[in-house]
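Morning, everyone. Please have the viewer open, and follow along as I talk.

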Amino acid sequence: MNQNRSFFLLTVLVLGFAFLYIPILSVIAFSFNESKLVTVWGGFSTKWYGVLFDDHQMLDGVWLSLRIAAVTACGAVIIGTFAGLVLARFGKFRGRTTLAGMVTAPLVMPEVITGLSLLLLFVAFAPLPLVPDQRGFSTIAIAHITLTMSYVTVVVQSRLSTMDESLEEAAMDLGARPAKVFLVITLPIIAPAIVSGWLLAFTLSLDDLVIASFAAGPSTNTLPMMIFSKVRLGVTPEINALATLMVSTVTIFVIAAGVLMARQEKTRQRDAQMAAATAGVLPQP
Amino acid sequence: MAQIRYVPLGHRMSSRMGRFLDTMSHFPPYRWSMDVARRLGVTGRTLVIAVPWIWLMLFFLIPFVIVLKISFADTRLGVPPYTSLVEWGQAGYLQLKLNIGNYLFILKDSLYFEAFLSSVKVATISTIFCLLLGYPMSYGIARASPSWRNTLLLLIILPFWTSFLVRVYAWIGLLRNNGLINNVLMGLGIIDEPIVMMQTDFAMYVGIVYSYLPFMILPLYSNLEKHDNTLLEAAVDLGATPFKAFLRVTLPLSMPGVIAGSMLVFIPAVGEFVIPRLLGGTDSLMIGRVLWDEFFSNRNWPMASAVAIALLLVLVLPIMLFQYFQAKETAGAAHR
């Protein structure tokens with residue numbers, strides 16, 4: 001009986017992972033295809049990478065999207081960390097329910113609604129001073145920060161809720177003011193969450209088509225907007241090459257970050273155990 | 001005393017910032033501004049709360065009020081392309097002009113109603129398929145040996161990090177008439193002529209299930225992973241078959257994960273635009289597409305706003321359900 005179950009689970013896992021990975025692998029394979037017909041194999045070639053690097057419009061889009069994503073990730077990390085800290089550590093205060101609701105809603109809100117509402121805000125406030133009257137870089141970044149800070153908040157909040165509060169209390173008892181406690185104690189411990197929040201915000205911003213289309217002015221073209229308009233006209237091998245570069249960059253980053261964090265976590269746990277052992281306390285199992 | 005060999009990420013930077021803060025607190029302008037703030041009753045705590053609160057008020061809540069406002073406006077030629085609701089009348093009165101024509105049109109015109117209906121249908125069916133595939137996968141990962149578990153989890157998360165557009169694009173290459181699937185099937189002699197899959201509902205469902213599967217698996221996994229295995233053993237000891245033990249113990253315990261995952265798939269899928277546009281047929285009526293066309297092609301901003309408000313009304317219940325379970329899950333994690 002148990003073996004039947006394991007067999008079933010294994011089959012589903014294999015099929016599920018095949019479903020997740022075959023499309024991506026096929027894109028990578030066909031990016032090295034000589035033939036312009038994307039699905040007929042015409043021999044190995046890297047010519048589509050050459051075509052891609054000659055396409056200045058596309059490269060401009062890549063550069064613009066990368067800059068927006070970097071600004072977005074930094075902004076989202078700052079505001080998201082504040083929000084995560086407030087929700088995890090500040091207990092009850094007036095407006096807490098509103099804040100918690102506003103933080104989780106963008107996670108599920110259909111993008112067309114968020115995009116439309118932000119555009120109407122930018123248009124309505126355009127006559128005011130200090131508001132950019134041209135939509136473009138800054139409006140897309142604001143829209144993306146609003147979207148991605150929710151993800152950062154969730155990551156930071158869950159890290160804080162699994163973290164031992166007694167460290168912060170001890171520092172407080174020893175006379176450190178809250179701001180110092182946060183900088184010296186809390187921040188280093190939640191650093192992995194902040195790093196993964198930054199990466200998450202960066203990739204989400206780099207990937208977003210719908211909200212950017214609403215928030216962008218007529219002359220701004222981010223990378224996803226360019227991919228979308230090309231794909232609408234049909235499959236082109238150039239996109240395969242671009243996709244391969246994007247997928248491999250992300251894979252390297254995610255795996256490196258994962259390995260780094262696992263190692264840090266392991267050392268941290270070992271140190272905590274050693275410290276506990278020296279203090280005469282049995283390490284927690 | 002154990003020697004600490006390990007320097008946490010950013011530790012050196014943070015202790016430097018701590019020292020900077022100490023220096024700052026002796027710096028007169030800093031002290032004066034803190035005094036002023038204290039006298040006004042503004043504490044550091046309030047300031048910290050204010051940062052995310054004001055940002056979200058400004059860029060999340062107020063925009064919805066503006067959408068609501070514009071949904072009651074009328075279109076006009078010009079910039080911005082909608083009329084204002086409040087006008088100075090001729091006698092010097094403030095006149096409030098509310099135009100409910102957009103909403104009446106949504107109710108009256110069968111196009112919108114059908115679009116809403118088919119969006120909810122597509123989202124429901126996609127959610128069910130995500131659940132059918134995602135549940136056994138999350139269960140399998142949660143039951144895998146710890147060394148495998150992290151690798152499998154990383155493999156689930158990895159597609160989520162890669163471009164969504166690229167992944168949808170990948171399916172075009174597979175599903176086209178001269179795409180990989182048709183080529184393989186014809187090469188094997190199973191079919192003689194290509195099966196038309198692109199621009200059909202089938203392609204759209206495949207795209208949605210494929211893109212949203214990780215959203216189903218992650219909350220389900222984090223729920224299933226917490227389960228106490230001894231409960232299952234107890235059930236089996238008391239004579240339940242493994243299948244019955246699963247039905248009576250695991251399934252009810254995993255309901256919060258099932259609901260969280262389903263809502264994470266269902267809610268965005270209802271408003272999905274990119275997948276129906278790229279994979280679905282030209283006649284596929286999805287409300288996200290209707291809103292997009294109303295805004296970008298027809299430039300009818302008031303109508304697009306009314307569609308957005310109506311969509312929000314349809315989704316209010318699922319969103320509240322999601323928030324309720326999300327709050328419960330995070331509270332559970334905090335009490336652990």
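This is a predicted model: local features need pLDDT of at least 70, side-chain atom pairs count only at pLDDT 80 or more; totals for chains, interfaces and linings use all residues.

Let me start with what counts as an element.

Now chain A. How many helices and strands are there in chain A? Eleven helices and zero strands. Read from the N terminus on, the elements of chain A go α-α-α-α-α-α-α-α-α-α-α. The radius of gyration of chain A is 24 Å, while the globule rule gives 19 Å for 285 residues, so chain A is more spread out than a compact globule. Along the principal axes, the C-alpha atoms of chain A fill a box of roughly 70 × 65 × 40 Å.

What share of chain A is buried? Of its 285 residues, 44% count as buried. Next, contacts. Take the contacts in chain A with a separation of 6 or more: 75% of them join residues 24 or more positions apart.

Begin with A:Val155. It lies in helix H6, residues 137-162, of chain A. Is A:Val155 buried or exposed? The cut-off for buried is 20 or more other C-beta atoms within 10 Å. A:Val155 has 24 of them within 10 Å, so it is buried. Which residues does A:Val155 touch, leaving aside its neighbours within four places in sequence? They are A:Ala193, A:Ser196, A:Gly197 and A:Leu200. Look at the spacing of those numbers. An α-helix has 3.6 residues a turn, so residues three or four places apart point the same way. A:Val155 and A:Leu119 are 36 residues apart along the chain, and their C-alpha atoms are separated by 28 Å.

The second residue is A:Asp207. You will find it in helix H8, residues 178-207, of chain A. A:Asp207 is buried because 22 other C-beta atoms lie within 10 Å. Leaving aside neighbours within four places in sequence, A:Asp207 is in contact with A:Pro224, and also with B:Ser163, B:Phe164 and B:Leu165. Then there is A:Thr222, 15 residues along the chain from A:Asp207, with 9.6 Å between the two C-alpha atoms.

On to chain B itself. It has 15 helices and two strands. Of its 336 residues, 39% count as buried. Among contacts in chain B with a separation of 6 or more, residues 24 or more positions apart account for 70%.

The domain assignment of chain B gives domain 1, 26-96, and domain 2, 101-335. Their C-alpha centres lie 36 Å apart. Nine residues of domain 1 of chain B are in contact with nine residues of domain 2 of chain B. On the domain 1 side, six of these residues are nonpolar, two are polar and one is charged.

Now helix H5 of chain B, residues 110-143. At 1.5 Å a residue, its 34 residues should span 50 Å, and the end C-alpha atoms are 49 Å apart, which agrees. There is also a kink of about 30° in H5(B), at B:Gly134, shortly before the proline B:Pro136.

Last, two loops in chain B. Most residues other than glycine have a negative phi. Here are two with a positive value. B:Gln199 is not a glycine, yet its phi is about 55°. Where is B:Gln199? In the loop between helix H8 (180-187) and helix H9 (201-224) of chain B. B:Gln199 is partly exposed, because 18 other C-beta atoms lie within 10 Å.

B:Arg299 has a positive phi as well, near 50°. It sits in the loop between helix H14 (287-296) and helix H15 (301-335) of chain B. With 12 C-beta neighbours inside 10 Å, B:Arg299 counts as exposed.

Notes: Residues are numbered from 1 along each chain as its sequence is written. Chains are lettered from A and ligands numbered from 1 in the order in which they are written. Helices (H or I, at least four residues) and strands (E, at least two) are DSSP runs, numbered from the N terminus. The expected span of a helix is 1.5 Å times one less than its number of residues. The bend at a residue is the angle between axes fitted to the seven residues ending there and the seven starting there. The radius of gyration is taken over C-alpha atoms; the globule rule is 2.2 Å times the number of residues to the power 0.38. Two residues are in contact if their C-beta atoms, placed from the backbone, lie within 7 Å. Domain bounds come from an automatic or database domain assignment. Ala, Val, Leu, Ile, Met, Phe, Trp, Tyr, Cys and Pro count as nonpolar, Asp, Glu, Lys and Arg as charged, and the others, Gly among them, as polar.
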